[in-house]
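My notes follow in the order I looked things up.

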Amino acid sequence: MSIQFENVAILDFGSQYTQLIARRVREAGVYCEIHPFDVSVETLRKLQPKGIILSGGPSSVYEEGAPHCSPEVLRLGVPVLGICYGLQLISYFLGGKVEPSDRREYGPARVRISQASTLLADMPTEFPVWMSHGDLVAVEPTGFQVIAASDTALGAVEDNERGIYGLQFHPEVSHTPDGRRILENFVRRICSCHGDWTPASFIKATVERIQEQVGDGHVVCGLSGGVDSAVAAALVAKAIGDRQICLFVDNGVLRKNEFENVLQAFEDYGKLNVKGIAAGERFLSALKDEADPERKRKIIGREFIHVFQEEAAKLGQIDFLVQGTLYPDVIESQSVKGPSAVIKSHHNVGGLPETLNLKLVEPLRELFKDEVRAVGRELGLPDSLINRQPFPGPGLAIRILGPITADNVRLLQESDNVVQEEIHKAGLYDRLWQAFAVLLPVRTVGVMGDYRTYDQVIAIRAVESLDGMTADWARLPYDVLESISRRIVNEVKGVNRVVYDISSKPPSTIEWE
Ligand code: XMP
């Protein structure tokens, strides 16, 4: 976007933590963007950043092909902070000495303040940090003061004259508990940012931007029932009111009562023009007897496009499509990546923009998920939408192992509903990334009263995760598992056994298909 906020530029040298740096800076109320390490100096100048952060990275500065930014970056007249590799690069540019450390230092360490400084203002004299580096700065460049040190190396340096700062450790990770204060010191005290990045200021700027982009055009938005599309639609509604129409499609594999509940939540919200499309039977007949996970996904994706296209055609002139693209997707698509194996042909139903021939409105392109939630709250969307656990686009179809039939959908909806109710009742919903039921394609023998049963099995999956990339199975209290199991077996006819999934991701995945 054309930046209307004070901003800090982060140059990415390949660290797995770069996005965390950005999140910490944003938490300090300062807008920042991540750029490739070789972004041109010209581009940087145009952005008029109040400060620049050089991220960490896995390389060694002397290595052939190691990522280097232009040394000009240090002479733009704005403060620069190098983190780990970023510090080593600064040191390399300015004549310090970078050496391989005796042993790769990876893990917790402690550093002690050796001199008062603005970067480490209000920090305790000694504090725990997280180190992750092979090389380190053995001798700091001339003009630099060492402001903190660990037992084995320098921890932090500054050159106030030139406005250049460096940290050998990672302030952005949670293992450096006071790290956010250091980043806040950098952006607020050293770069003199005031902290104008708030949900309210974002909403104001974005509403103006949408009005400018859309003019007097008409907009369609596909709601998924999740937080991203809801917040995107609410922002667009604030900008252009009734010229946006939202479509919410029942694909037959939503949770029990989900279609009605979500429509009701939007109706209560009152500011969106939502049309519910009950297309369940159409999806179920397209899915009939399909057992292959990838084909299930493709069928649902394809049907969704058809339904959406047909409905959009009934709306008259439409010029724009709203999409809830988030900042991590934007960075991901910009970064250069090696080929990686397709594990699941995942995520948002593809193909909409091209086939519909509509221009995109993407009001969340600059936001991280936690910021989307904060904006949603500010817009007055109900907690039931904002705090909703992620739910996959192909819905229950990828939680019914084996062929999909109307009976199986009903069995799973009923079982899953018990899980939702019990997890809510135990006050666990917000602490879990996801909790749900999976219908297994096996039958087992049971006994009910005096009768033998030969019925299906439900697996319960509950995981904790920060981003869905890795996950750990949740240690649910036994009494919660007990109520879930008892209720499912008693209330859902056709299920006589419940098991709990105790696998983490990796090597398992969160969904079973
Ligand atoms: P996995 O199973 O890959 O899931 O560990 C990670 C996260 O992605 C969700 N997921 C999907 N979301 N379409 C989606 O929109 C899909 O096909 C899909 N498959 C998995 C899953 O629920 C979890 O949050």
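**Entry 1: a helix pair.** I began with helix α14 (residues 406–425) and helix α15 (residues 478–491), which pack with their axes 9 Å apart and at an angle of about 150 degrees. An angle over 145 degrees counts as roughly antiparallel, so α14 is roughly antiparallel to α15. I noted the crossing of α14 and α15 as right-handed. Next I listed who makes the contact. From α14 I have S415, V418, V419, E421, E422 and I423. From α15 I have V480, S483, I484, R487, I488 and E491. I reminded myself that this is a predicted model.

**Entry 2: helix α9.** I checked the length of α9, residues 293–313. At 1.5 Å a residue, its 21 residues should span 30 Å. Then I looked at the start of α9. There a side-chain oxygen of D292 comes to within 3.2 Å of the backbone nitrogen of E294.

Which residues of α9 are buried? I wrote down K296, R297, I299, I300, G301, E303, F304, I305, V307, F308, E311 and A312.

**Entry 3: cis peptide bonds.** I looked at the segment after β18 (495–500), where P506 lies. The bond from K505 to P506 is cis, with omega near -20 degrees. P507 is also placed in the segment after β18. The bond joining P506 and P507 is cis too, and its omega is about 5 degrees.

**Entry 4: positive phi.** I then turned to backbone angles. C84 is not a glycine, yet its phi is positive, near 55 degrees. I found C84 in the loop between β4 (80–83) and α3 (85–94). Is C84 buried or exposed? Its relative accessible area is 2%, so C84 is buried.

N257 is another non-glycine residue with positive phi, here about 60 degrees. N257 sits in the loop between β11 (244–250) and α7 (258–269). With a relative accessible area of 42%, N257 is partly exposed.

Definitions and conventions:
Residues numbered from 1 in each chain as written. Predicted model: local features only at pLDDT ≥ 70, side-chain atom pairs only at ≥ 80, totals over all residues. Heavy atoms only, no water. Helix = DSSP H or I, 4+ residues; strand = E, 2+ residues; numbered from the N terminus. Expected span 1.5 Å × (residues − 1). Buried < 20%, exposed > 50% of the residue type's maximum accessible area, 1.4 Å probe, protein only. Polar contact = N/O pair within 3.5 Å; in protein donor to acceptor, adjacent residues only side chain to side chain. Axes fitted to C-alpha atoms, helices over the stretch in contact; angles between N-to-C directions. Parallel < 35°, antiparallel > 145°, perpendicular 65-115°, else oblique. Left-handed = near helix turned anticlockwise from the far one by under 90°. Contact = heavy atoms within 4.5 Å.
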